[in-house]
Amino acid sequence: MDARLPADLLRAVLQRLPPIDLARSACVCRAWHAVASDRAVLEAAFCAPWGVRRVVGEPATQAFWRAASLGRFALSHAVRRGDNVPGVALKYSVQVTDIKRFNNMMSDHGIYSRERLLIPISNPEILLGSTCYIEMDHNAKREVAVFYPEGRPSGKTESLANIASAERQSRRILESVRRSLHVDDETAAYYLSVSEGDPRAAMMEYSEDLRWEQQRSGR
């Protein structure tokens, strides 16, 4: 089928797909996989639902691009003297519990050991026309596309050690899911992407699909 479509037309079609459908299209054939895995195509599909202008940086794995939910984005709030979690929540019109969950904080006191908080996006319009930066936040233990409302601080880059650590962690999770499901890397990465990186949810999603396939074949 891909032979009937010029490469530029195939790219134009695939980059208009939602990320989840783009991931599925990568399984059709080698030609489709090459286009669907292209960095520019992945970024376009990831940005389109929220009107983001650009995403800078490379994620630890391509599975990052396949779940373009609002939870993949965050505002960066630089913690200042006198800040507290309820005050920050009020400033950005979000729930205290959402900030604590998003930042992997057991209590409000966790703010005092951090230089910044990731703020979950409550209003998608904030992202319109924005530039976001893919970063692994090791306090929050999550990789997100970060928007800096006041501009990104100059020289703000991830260290090679942090990048390597993030890649190792992502690889361990991928290997764990792959072994548990007895599938290949691509399939494991797909189910991790649709479950936003949650291994347990990925396995449940796979079990549901497998059950559905078995029911169809039994008819």
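**Reading cysteines and a sheet in a predicted model**

A search of the whole structure, which is a predicted model, finds zero disulfides.

Q: What is a disulfide?
A: In general, a disulfide is a covalent bond that links the sulfur atoms of two cysteines. In this structure, Cys47 takes part in no disulfide, and the nearest cysteine sulfur, that of Cys132, lies 7.4 Å away. Cys132 is likewise in no disulfide, with the sulfur of Cys47 as its nearest cysteine sulfur.

Q: Is Cys47 buried or exposed?
A: A residue is called buried when its relative accessible area is under 20%. Cys47 counts as buried because its relative accessibility is 5%. Cys132 counts as buried as well, because its value is 0%.

Q: In what order do the strands of the sheet stand?
A: Five strands form an open sheet, ordered E1-E4-E5-E2-E3, with mixed pairing. Strand E1 (54–56) and strand E3 (116–120) are the edge strands, each pairing on one side only. From one strand to the next, the twist averages 40°.

Q: How many bridges join strand E2 to strand E5?
A: Three bridges join E2 (residues 73–78) to E5 (residues 142–147), and these two strands run parallel. Phe73 stands opposite Ala145 in E5.

Q: Which strands does helix H4 lie across?
A: Helix H4 (residues 39–47) lies across E1, E2 and E5, at about 120° to E1. Helix H5 (residues 85–92) lies across E2 and E3, and runs at about 125° to E2.

Key
Residues are numbered from 1 along each chain as its sequence is written. This is a predicted model: local features need pLDDT of at least 70, side-chain atom pairs count only at pLDDT 80 or more; totals for chains, interfaces and linings use all residues. Side-chain values use heavy atoms; hydrogens and water are left out. Two strands pair if DSSP finds at least two bridges between them. Helices (H or I, at least four residues) and strands (E, at least two) are DSSP runs, numbered from the N terminus. Axes are lines fitted to C-alpha atoms, for helices over the stretch in contact, and angles run from 0 to 180 degrees between N-to-C directions. Contact means heavy atoms within 4.5 Å. A disulfide is a pair of cysteine sulfur atoms within 2.5 Å. Buried means under 20% relative accessible area, exposed over 50%, partly exposed in between (1.4 Å probe, protein chains only).
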